Amino acid sequence: MYYPLFDVCPVPALKPNIISLLQDRELAPGEEITLGEFRSQPLVVAFRAKSNGRFILFLEELRDGEWVIADKSACYEGVTVWQCLLKNPVFRLRVKNPPQRPVTLSLDMNLFELLPREENEQSAGGKSE
């Protein structure tokens with residue numbers, strides 16, 4: 001299924017780069033996992049989460065050598081799409097299952113990439129020399 005805020009960035013100079021982070025991962029009640037350390041030069045990233053229950057997704061940025069919660073989203077049963085603007089290029093994700101019941105989820109990230117200059121000029125209607 002096509003999700004405009006996930007599959008396409010509103011900034012024409014960016015192209016999608018979709019990465020699967022979790023596939024049908026079961027989280028026990030109260031379980032929390034931390035996913036990677038990522039870098040986004042365009043300072044924009046999007047997430048698509050599909051689950052059979054409620055969980056919380058935290059976006060943490062590296063600031064002065066410490067991880068700080070920059071944003072968070074409550075995700076519910078079904079599909080949740082979330083686009084974030086970053087203040088710092090280095091970030092990670094934390095997924096927390098509240099202590100009610102197990103939840104199974106899949107999580108994809110669109111780590112947008114800058115278009116090469118020639119493609120960017122063509123998409124904006126300019127001429128490449």
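The sulfur of C75 lies 10.0 Å from the closest cysteine sulfur, which belongs to C84, and that is too far for a bond. A disulfide needs two cysteine sulfur atoms within 2.5 Å. This is a predicted model. Across the whole structure, the search finds zero disulfides. Salt bridges do occur, and the count comes to seven.

**Cysteines**

- Seen from C84, the closest cysteine sulfur is that of C75, 10.0 Å away, so the distance is too far for a bond.
- Is C75 buried or exposed? C75 counts as buried, because its relative accessibility is 2% and the cut-off for buried is under 20%.
- C84 is buried too. Its relative accessible area is 2%.

**The sheet**

- Four strands form an open sheet. Their order is β3-β8-β5-β6, and the pairing is antiparallel.
- Which strands sit at the edges? They are β3 (32-39) and β6 (66-75), and each of them pairs on one side only.
- On average, neighbouring strands of this sheet are turned by 20° against each other, direction ignored.
- Strand β3 is joined to β8 (residues 90-96) by six bridges. These two strands run antiparallel.
- T34 stands opposite R94, a residue of β8.

- E32 and R94 meet through their side chains in a salt bridge, at 2.9 Å from N to O.
- This pair links distant parts of the chain. E32 is in strand β3, R94 is in strand β8, and they are 62 residues apart.
- R94 counts as buried at 13% relative accessibility. E32 counts as partly exposed at 39%.
- E32 and R94 also belong to a network of salt bridges that includes E60 and R92.

**Other salt bridges**

- K15 forms a salt bridge with E113, and their closest N and O atoms are 3.9 Å apart.
- Why does this pair tie together separate parts of the chain? K15 lies in strand β1 (residues 14-15) and E113 in strand β10 (residues 113-114), so the parts joined are 98 residues apart in sequence.
- K15 is partly exposed, with a relative accessible area of 31%. E113 counts as partly exposed, at 31% relative accessibility.
- E31 forms a salt bridge with R25. The closest N and O atoms of this pair are 3.3 Å apart.
- E31 is partly exposed, with a relative accessible area of 24%. R25 is partly exposed, with 29%.

Key:
Residues numbered from 1 in each chain as written. Predicted model: local features only at pLDDT ≥ 70, side-chain atom pairs only at ≥ 80, totals over all residues. Heavy atoms only, no water. Buried < 20%, exposed > 50% of the residue type's maximum accessible area, 1.4 Å probe, protein only. Pairing = 2+ DSSP bridges. Axes fitted to C-alpha atoms, helices over the stretch in contact; angles between N-to-C directions. Salt bridge = Lys/Arg side-chain N within 4 Å of Asp/Glu carboxyl O.
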